[in-house]
Every structure is written in C-alpha cells, then in structure tokens.
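Colleague: Please take me through how to read a few features in a structure file. Start with the general idea each time, then turn to the case.

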Amino acid sequence: MVYAIQSFAEGGGAMYEFYTVFAKDIYDSRGNSSVRADGANDGGSVGCCGYILWFLSLVVIACTFPFSLCLCIKVVQEYERAVIFRLGRLVKGGAKGPGLFFIMPCIDSYTKVDIRTVSFDVPPQEVLTKDSVTVAVDAVVYYRVQNATMSITNVEDANRSTRLLAATTLRNVLGTKNLSEILSERESISHVMQSSLDDATDPWGVKVERVEVKDVRLPVQLQRAMAAEAEAAREARAKVIAAEGEQKASRALKEAADVISESPAAIQLRYLQTLNTISAEKNSTIIFPLPIDLVQSLLGRQGSNL
C-alpha cells in the first residue's frame, strides 16, 4: 500500500498501479457469508450490486484523493479492536488493530471493542437458601472480551448480557446452598460461579476472569436469633469451664489435706503463715490461735459424755 501511494506521486501512469494495489487489498478483505464459532469467517461474495457499489466507492476515493484518506484511514488504540462490516457482511481477516486500518467509505461500517478487563458489581440478590432462609447477597465480577468478532456477531450487547447472566447465576448457585455453607464457603461458591459464567459466555467471546462474593446480609430477626444462640453457647462453655476448675481445685485441696494430715506440725505452720499474711495488711483484727489438738480433745470428751 505504501508502494502504491509513492508510485501515485511519481506520475499519472502510476495512478493505475495505485488503483490496482488498493483494489487488491479491498478485494482480499471483502465480506463473508457466515461466522464460525471460533470467530473466523468462511469468505463469500458480496454479489453483483456489492461489486458495483465497491467500484463506485473506488471512483469516489480516486476523485477526492488525497482528501479521501481522511475517511479511509482509521486508528484504534492498543486496547481496542475494530470489527468491520462491508454491506452487512463481516470483512475477511477478523477484527483489525491495534494501529491503522483502511475502510471503504459509504459501504463499510466498523465497531470498536474494548478488550480491557471490566469489573462490575452484581446488585444485591434476594436468595432463598436450601434451608429456607432469605438472605441478600452481592458480588463482584471481572471479565474481558477475548474475541471481538464473536462479541459483536453472536450477541447484541455482550456487556449487558454478562451482567444479567451474573445476577441469575448468583441466585441459582446460592439457592443450592445452606446458610452455613454460604457464610463459610465463599471461595468455593466464587469458583463455581466463575466456571459457570465462563462456560455460558464463551460463545459470546467473553472471558470471566474472577468472581468474588462481597457481602451476605441477613434479616434483623435472624441476626438477633443467631446472636442469642451464640451468647447461650458461650455461657454454657463458661459454666462447663468453671465446673471443671472447681473439680480440679477440690482434687488439689484433697491432696493438700492428705499431705497435712500426715504431719500434725504442718497445720500449725499453716496457721502461722495465715497470721503473717493478715498482719501484713495493717488492720486492727486480733486473732488468737487455738491449737487444733486442744479442740480435738475437747470434742472427744463431749462425745464420751454423751
């Protein structure tokens, strides 16, 4: 194409070369009759009327050259692709870009497709779980267009269709889970949703990269019931722990009493230690220690008198 433009600038005889090369480029990229599932095309003819219109477009380009280049040359960015239709048929070669590409005025139309990753929030969905609990769940979906041709020819609006399908898939997946599974197995739910969405959007040329469950909102009454249940469970565990502590303390006291009973002087030492502890607190309490042996002898005499 560059060679043809240079030849055209050299003289009038080169006009024919420019027409020939430019026409060959246009002929090689003429429309097709069908699109396969992989986004490729099978070629085809635009018909007699199509060739007539194509020839008239060439005449208009030649008559208005070089001003016609403003309409023939288009640019797409690195993150975009252009899907070109000629007289309603997809141009051979698939999507164009990035960079420069040529179109025929009046008979060609093109659509730009952004192939960057797009994220959107799935609106909160009221879902009835498997155990008949109503919850509101929202999520985030990340996807990108991996085949620009299929995203234009196989679906009317790939972005809107993906959003609607994501909301439907979220309700369908969560409807098969219990409330406890929804709260504890978010990662597995995200993987199931991603695989399901990816399979459904593959014919549209859309690749679902990631799905994340954001928030699970429970009814207020259910939150109160779950809070009361958790509080009761904590109180029950606290009572069990306190009972176990008392049991261990009683066993320790029994072992201490057995040790002290083996030595009568040990109880006297325990009395003196208690007095030392009380006196360190600087109080006015006066304690008179009474030997335990004296008390035992008094109790023994009373028992014999009875």
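This is a predicted model: local features need pLDDT of at least 70, side-chain atom pairs count only at pLDDT 80 or more; totals for chains, interfaces and linings use all residues.

Colleague: How many salt bridges does the rule count?

Modeller: Side chains of opposite charge can pair when their charged atoms come close. The rule asks for a side-chain nitrogen of Lys or Arg within 4 Å of a carboxyl oxygen of Asp or Glu. The count here comes to eight.

Colleague: Which residue forms a salt bridge with Lys214?

Modeller: Asp121, with the closest N and O atoms 4.0 Å apart. Lys214 is in strand E8 (residues 206-217) and Asp121 in strand E6 (residues 118-128), so the pair links distant parts of the chain, 93 residues apart. Helices (H or I, at least four residues) and strands (E, at least two) are DSSP runs, numbered from the N terminus.

Colleague: What does Arg217 pair with?

Modeller: The side chain of Arg217 meets that of Asp138 in a salt bridge, 3.9 Å from N to O. Because Arg217 lies in strand E8 and Asp138 in strand E7 (residues 134-145), this pair ties together parts 79 residues apart in sequence.

Colleague: Is Asp138 buried or exposed?

Modeller: Buried means under 20% relative accessible area, exposed over 50%, and partly exposed in between (1.4 Å probe, protein chains only). At 7%, Asp138 counts as buried, whereas Arg217 is partly exposed at 45%. Another salt bridge joins Asp198 and Lys207, at 2.8 Å between the closest N and O atoms. Asp198 is buried at 17%; Lys207 is partly exposed at 27%.

Colleague: At what angle do the axes of helices H6 and H8 cross?

Modeller: Two packed helices are described by the angle between their axes and the distance between the axes. The axes of H6 (residues 158-174) and H8 (residues 186-201) come within 10 Å and cross at roughly 135°. Axes are lines fitted to C-alpha atoms, for helices over the stretch in contact, and angles run from 0 to 180 degrees between N-to-C directions. H6 is therefore oblique to H8, since angles under 35 degrees count as roughly parallel, over 145 as roughly antiparallel, 65 to 115 as roughly perpendicular and the rest as oblique.

Colleague: Where does Leu56 lie?

Modeller: In helix H3 (residues 47-63). Leu56 is partly exposed, at 46% relative accessible area.

Definitions and conventions: Residues are numbered from 1 along each chain as its sequence is written. Side-chain values use heavy atoms; hydrogens and water are left out.
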